[in-house]
Amino acid sequence: MPKNYLLIPGPTPVPQDVLLEMAREMVNHRGAEFASVLKTSTELLKKVFKTQNDVLILTASGTGGMEAAVANFFSQGDPVLVGICGVFGERFAKICKTYGLNIKTIECEPGKGVEPEVLEKTLKENPDIKGVFLTHNETSTGVTNDLKELAPIVKQNPERLLVVDAVSSLGAIDLPTDELKIDIVVTASQKALETPPGLAMVSVSELAWKYNEKANLPRFYFDLKQAKKFLEEGATPFTPAVSVVFALKKALENILTRGLEENFKRHKFLGRAVREAIKALGVTRLLADERWASDTVTPVVPPENVNPDELRKYIRNKFGVVLAGGQGSLKGKIFRIGHLGYVEPTDILVAISAIEVALENLGYKGLKGKGVQVAEEVFAEYYKN
Ligand code: PLP
């Protein structure tokens, strides 16, 4: 078995010191030791969320956090707007529908994000919209929505809730929650936060808590008011994924010691290096429009006669580099390179090199070193400062 290079957009590689936290013996989840770890993790998370709002840690995957963001703040029939740029925007829309909300959507072409003008126009035409759901980083299409542009448009009505899925961005791409007045931000442990899967995190603004008082949708496991009450005592309403919380605390300490801004910078360079390398190959194409191109995941359209899933299998078997496939309508059409979390420039060089050799062996001649060379140039710039 070759060495494992996990370059999918989550779960992402976990550093050894974080993994070792998971090996700690079990503690009472209602005792003082766990209370301290939970409270510290929550405080550290607030720094990563850039918020003074409450942050609640749930034992769930990211989708559980998305469901909590719907079930706790809205009522049957509430008009809401969902920006759909791919599979995860669609998921928000499905959850809203499941809970009986009255949804309007803005649908983006694959590889494009939400246009501010379209958002503004839609909200003007539908002034009764109570909440807007946006995906910060749409993992299926490699699109990052520009929330610095979009959030103020939503907040032209300060009473409207802004809900953001930051599952594949928080910690890697800047998201100043309070500065942008984002009411609810959802993320998960297994992406940029360098932690194994198992936890969702949700930040909740004061305005959102006001909505919570009136919200009549059913909720039980994901009752955030209850989670807030328990957190005051350093506990959770139900048995949490104790080991993952230990791991999360360590991972957050690592990230904050390194510096959030440094993390954003590294991801910017990783994203740029991958994109420039793919362009340099000439035979592959980027799916996402440069304007919205994500710094955490890059979807790639392979040469016409190459099946992306066969290519991935070859790369996995020969070089141990694990890439992701397409999702939804992009299944079988693209492959995706994840470059978020505990991923470094050398990992990217390995991935690009593996892609070059695989394509070369499929008959695409003259590719060797082309992508790697431009990626190295980008990384030389990164390490210069
Ligand atoms: N939102 C985004 C943007 C994601 O990338 C993902 C997972 O890939 C999710 C939501 C769902 O998270 P989970 O698979 O942890 O439920």
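## Close-up views of a predicted model

**View 1. The protein chain as a whole.** The secondary structure of the protein chain comprises 13 helices and 15 strands, in what is a predicted model. Its radius of gyration is 21 Å, close to the 21 Å that the globule rule gives for 385 residues, so the protein chain is as compact as a globular protein of that length. The C-alpha trace spans about 65 × 55 × 35 Å along its principal axes, and 51% of the 385 residues count as buried. Among the contacts with a separation of 6 or more, 72% are made by residues 24 or more positions apart.

View 2. Strand β10, residues 199-204, is largely enclosed by the rest of the structure, because six of its six residues are buried. Leu199, Met201 and Ser203 point one way from β10, whereas Ala200, Val202 and Val204 point the other way, and all of these residues are buried. Strand β2 (residues 54-59) runs antiparallel to β10 and is joined to β10 by six bridges, with Thr59 having Leu199 as its bridge partner. Strand β9 (residues 184-188) is likewise antiparallel to β10, to which five bridges join it, and here Val185 stands opposite Ser203.

**View 3. The open four-stranded sheet and helix α10.** Four strands, in the order β11-β12-β15-β14, form an open sheet with antiparallel pairing. Strands β11 (285-286) and β14 (324-325) stand at the edges and have a single partner strand each, so one side of each is left without a neighbour in the sheet. Helix α10, residues 260-281, lies across β11, β12 (297-301) and β15, and runs at about 10° to β12.

View 4. The UniProt annotation "binding site", which comes from an unreviewed entry, covers Arg336, a residue whose place in the model is in strand β15. Strand β15 (residues 335-338) pairs with β14 in the antiparallel sense over two bridges, and Arg336 is the bridge partner of Ala324. With 26 other C-beta atoms within 10 Å, Arg336 is buried, because a residue counts as buried when 20 or more such atoms lie within that distance. Apart from its neighbours within four places in sequence, Arg336 is in contact with Pro9, Gly142, Val297, Thr298, Pro299, Leu323 and Ala324.

Methods. Residues numbered from 1 in each chain as written. Predicted model: local features only at pLDDT ≥ 70, side-chain atom pairs only at ≥ 80, totals over all residues. Pairing = 2+ DSSP bridges. Contact = placed C-beta atoms within 7 Å. Axes fitted to C-alpha atoms, helices over the stretch in contact; angles between N-to-C directions. Rg over C-alpha atoms; globule rule 2.2 N^0.38 Å. Buried ≥ 20, exposed ≤ 12 C-beta atoms within 10 Å, placed from the backbone. UniProt positions renumbered as here; feature names shortened; annotations may be inferred.
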